[in-house]
Amino acid sequence: MTLDRAADHTAPLPRRRPSGEPPPLPRPVSPGSRLSLLACALVALVWVALATQVGTRAVTAADVAVLDALGRLRNDTVADLARHVADLGSLWTFRIVAWTTLLVLIAVRRFQHLLVVLAVLLVVPLTNELVSVWLGRMRPTGVTIAGPWDGYAHPSIPVANLAVALTAVVLTLAPPGRWRRRAVWVAVVAVGLVAAARLVLAVDHPSDVAAALVTGAAVPVLAFRLVTPEEAFPVTYRRGVRAHLDVGGRRGEAICSALATQAGIAVTSVEPFRLGSSAGSTPLRLTTDDGRDDRDGDHRAAGGPDRHLFGKLYASTHLWSDRWYKLARTVRYGRLEDERPFNTVRRLVQYEDHMLRVFHDAGLPSPEPYGIVEITPDREYLVLTEFLTGARHITECGDIGDDVIDGALAAVRRMWDTGLAHRDIKPGNVLECDGRVLLIDVAFAELRPTPWRQAVDLANMMLTLGLCSTPERVYERALALFTPGEIGEAFAATRGVTVPSQLRSLLRADGRDLPARFRALAPPAPPVAIQRWSLRRAALTLSVAAGAVLVVVLVAVNLRLAGLA
Amino acid sequence: MRARRWPTAALAGLVAAAAACADAEAAMPRCEPGQRLGIVAQSVPGAAYLPCVATLPPGWTFESFEVDEDGARFSLRSDRADRAVDVELVAGCEVGPALPVAPRDEGVRTYLAVSSVSSRYTGRFYDVFADGCVVYEFDFARGPHIALVAELQQAVQLYPRRQLRQELHDDLGITLDP
């Protein structure tokens, strides 16, 4: 089964992207980001100027000129009103807005945003505090200060605190579109009023307020843009797995364009497919051009050409999940197997594509790989395979026949014989199509795995089959391919962490205690320990614990310094 | 991703650690012309003198500094004292039964109010001058208290407002009013 492009003259031809040509979905540097960077550079210049006598003279002269003009607008009524408005910039406003944001992010389980908000809420006020002590600037002179103040003048801490808290709200709680536009306006008006009030009262210099606006708004904008870009970490309140990316709009167009230029495939639609069965990527069904049928898939539905491809979209957000998942496993269970996290999305997709090819070459029933398509260099890639039209999850097939049971067990036997382990055998990854069994999602697969892991694959497959049949029947069919001792070893190695969560929950719902029934059928075998203690694991566990304590202490100490406690 | 996230985390950690360990002495109002003393002057408009730290005697550290429209406060601690000395500039003070002692500067009346001499040497000094007053609150263990009081008076001096006004104008073009 191959992609026969030469036979189809209407298909686009793959071409190399010339140097300098943007990728299909370039990482945009928005005008807002450029403006923020420019503003940060200007503020850095002002700080350098304020650290010198000449610079202080120049900046102060300009500030006093503006304050003089504003002072002429001030009367008792305006001053009273300004004092009330300036109260909006109190430490309590900052605390309430900041803590509410943090609590909401915890409630909606958006932890990447939570970490960035926490970092920004600590770093910006603390940096401002350090700068204010370093510069030690006086309050405005030559004008009457008509409001309360405390501490050094530059940058204006109340304005910066309010700006950073409201920017965090806008960028992490307000979904893009109408709600975010409204939130931006509310934030701009609130911060603008407080800044104007403080200038009217001559509590701050204009340059103090300007620097505060930059550190309070531009710095968080850059931080969120850099660490949690909207494309990878969307602000949404829809239920579902957060790893799933929106494939409409620019990304959808970019996927079509990338498939045409890199794989020579004309795609007419890109749609999410069975999102519920994938937590670590965005599975897609890609519909190819009507005039094109270059896949003679073995598994296509009877009576019609196969017009679909299957794609798994990976983005940087999946590296985060991969890293924490593997770290947690290593700490909880030791290095049962290779727990090295991937450093880049590119390596992650390269690994999956490689394993797809290994499975295919080994004659295992798995989808044919069609390669990788680059959407955004180093950030987003699409792993492309054939689409298994008509395939269903094995648990959706009702009572399965012996041929399906034999096919599934034969796949495990074949993996054993070729030195492979799937490592994620569960109902969602075992498909049935026209009586054939297919294994999908080989992202966790491993070459030359431990005997323990191979045994676990067998147990998980038998448990999966047991959900659609009886344990006695599955055990009986398994005896044709495995010895009783091997089956006994498989169930001796199976417990807790070794059973994928989807299979675990289905077993709970089934209520038959299938593991116990399989154990009763198989000859007894001594339990296989899943805890692996080593110097490395002990050191890693201690490091993680020490790091966590350090972070908690630093955060606790700095919450007070930053004014959050 | 690692390349992007770790620098951010490292920056956050560094700033947090730097702030947590920030040297309080950076904020110390030294007896030299500059805006750090200028903001002390702004906290009590018109005060003829401003408290400042000339030199910290060996074993003394500067602990904290606060300034607002009601005055300026800072504290110093000696390694031979278990409690810090609080120094506060305010617009005026009630010296009560405090006894006058040798004035510390021209135009200054200095008072001492000792509240305990038995187990500890506890009390207040007052430097009273036109439109302002500096209060020194101390609580030393008996024994080293004589040396500590002398060191405190050597560390904290009074800076004339008139001199600061001239220097700020000449150096930075800042007009300190009044």
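The legends below describe close-up views of a predicted model.

**View 1. The open sheet of chain A.** In this predicted model, 5 strands of chain A form an open sheet in the order 1-2-3-5-4, and their pairing is antiparallel. The edges are formed by strand 1 (267-272) and strand 4 (369-376) of chain A, each of which pairs on one side only. From one strand to the next, the twist averages 25°.

**View 2. Pairing of strand 3 with strand 5 in chain A.** Strand 3, which covers residues 308-315 of chain A, runs antiparallel to strand 5, residues 380-386 of chain A, and the two are joined over 7 bridges. A:Lys312 has A:Val383, a residue of strand 5 of chain A, as its bridge partner.

**View 3. Helix 9 of chain A against the sheet.** Helix 9, made up of residues 249-263 of chain A, packs on the sheet and touches strand 1, strand 2 (282-288), strand 4 and strand 5 of chain A.

View 4. Among the contacts in chain B that link residues at least 6 apart in sequence, 52% join residues at least 24 apart.

How values were computed. Residues numbered from 1 in each chain as written. Chains lettered and ligands numbered in written order. Predicted model: local features only at pLDDT ≥ 70, side-chain atom pairs only at ≥ 80, totals over all residues. Pairing = 2+ DSSP bridges. Helix = DSSP H or I, 4+ residues; strand = E, 2+ residues; numbered from the N terminus. Axes fitted to C-alpha atoms, helices over the stretch in contact; angles between N-to-C directions. Contact = placed C-beta atoms within 7 Å.
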